Amino acid sequence: MKRILLMVLRNILFVPYGWFKLCYYASHVEKYTEEQRYALLKYIDRHANWGGRITIDAHGVENIPEKNGFIFYPNHQGLYDVLAILEVCPRPFSVVMKKEVANIPFLKQVFACMKAIALDRDDVRQAMKVILQVSEEVKNGRNYLIFAEGTRSRKGNQLLDFKGGSFKSAIKAQCPIVPVAIIDSYKSFDTNSIKKLTVQVHFLKPLLYEDYKDMKSTEIAKWVKSRIEETIAEYENKE
């Protein structure tokens, strides 16, 4: 967690202002539009990344659908993943998060501004409600991010299996599925290094409903996982 301390120290003059404004927005979300809240998060995120000596190398931003109402499906490496995507994604999105991270300071306020949804993985009925809520919001033009692995991989850039159930919201909403390959995000908070770091975020070509309507959720999961793995392997081999 040395990098988090570095983020704070290098932004020591900005932190009181940024923290106050973030907390205020998080406590008064209905006073601000989604675009206003998202703009604040990006502003704070840029300061944090600068302070932590992290550069986000974005690829495929043009693959993000022009029309709202889609779901990102990235691989999951750690707590930093959402912050990496947030800096380079021009479109507001919300997150389905596991309830265990709902009360972590800073992330709690960020997720409140995003109107994120907490998922209890041990409660099947609550999980079904989340699936239905997300699908309805996506139909109405909101964008979401769901980690299909269910938990973060602790094997660097290697992926865990993607869970078919994670794609039920997309199937019900009949929306574009956007695979996102994240590379080296785990190095941000899960190592003790504070060396300059580049995290890659690759927005891959969307899978449209017409392409997956006849596929099972488990087949979609395998397809998305394989696309992300191919992208990670391609760029790792270039290094």
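Buried here means under 20% relative accessible area, exposed over 50%, and partly exposed in between (1.4 Å probe, protein chains only). This is a predicted model, in which local features need pLDDT of at least 70 and side-chain atom pairs count only at pLDDT 80 or more, while totals for chains, interfaces and linings use all residues. Residues are numbered from 1 along each chain as its sequence is written, and side-chain values use heavy atoms, with hydrogens and water left out.

1. Let's start with helix α5, residues 107–114. Six of its eight residues are buried, so α5 is largely enclosed by the rest of the structure. The buried ones are Leu107, Gln109, Val110, Phe111, Cys113 and Met114. They pack against α2 (15–27), α3, α4 and β3 (94–98), where contact means heavy atoms within 4.5 Å. Helices (H or I, at least four residues) and strands (E, at least two) are DSSP runs, numbered from the N terminus.

2. Have a look at Asn49, which sits in helix α3 (residues 34–51). Asn49 counts as buried because its relative accessibility is 2%. Its side chain makes a polar contact with the side chain of Glu87 at 2.3 Å; the term covers a pair of N or O atoms within 3.5 Å, where within protein one must be able to donate a hydrogen and the other to accept it, and residues adjacent in sequence count only if both atoms are side-chain atoms. Leaving aside residues up to four places away in sequence, Asn49 touches Met7, Ile54, Ile56, Tyr80, Leu83 and Glu87.

3. Asn49 also belongs to the contact between α1 and α3, made by Leu6, Met7 and Arg10 of α1 and Ala48, Asn49, Trp50 and Gly51 of α3. Helix α1 (residues 2–10) packs on α3 at about 110°, with the axes 7 Å apart; axes are lines fitted to C-alpha atoms, for helices over the stretch in contact, and angles run from 0 to 180 degrees between N-to-C directions. The two helices are therefore roughly perpendicular, a label for angles of 65 to 115 degrees.

4. Finally, Val61 is in the loop between β1 (54–59) and β2 (71–74). Its relative accessible area is 30%, so Val61 is partly exposed. Val61 touches Val88, Pro90 and Phe203, again not counting residues up to four places away in sequence.

Conventions:
Parallel < 35°, antiparallel > 145°, perpendicular 65-115°, else oblique.
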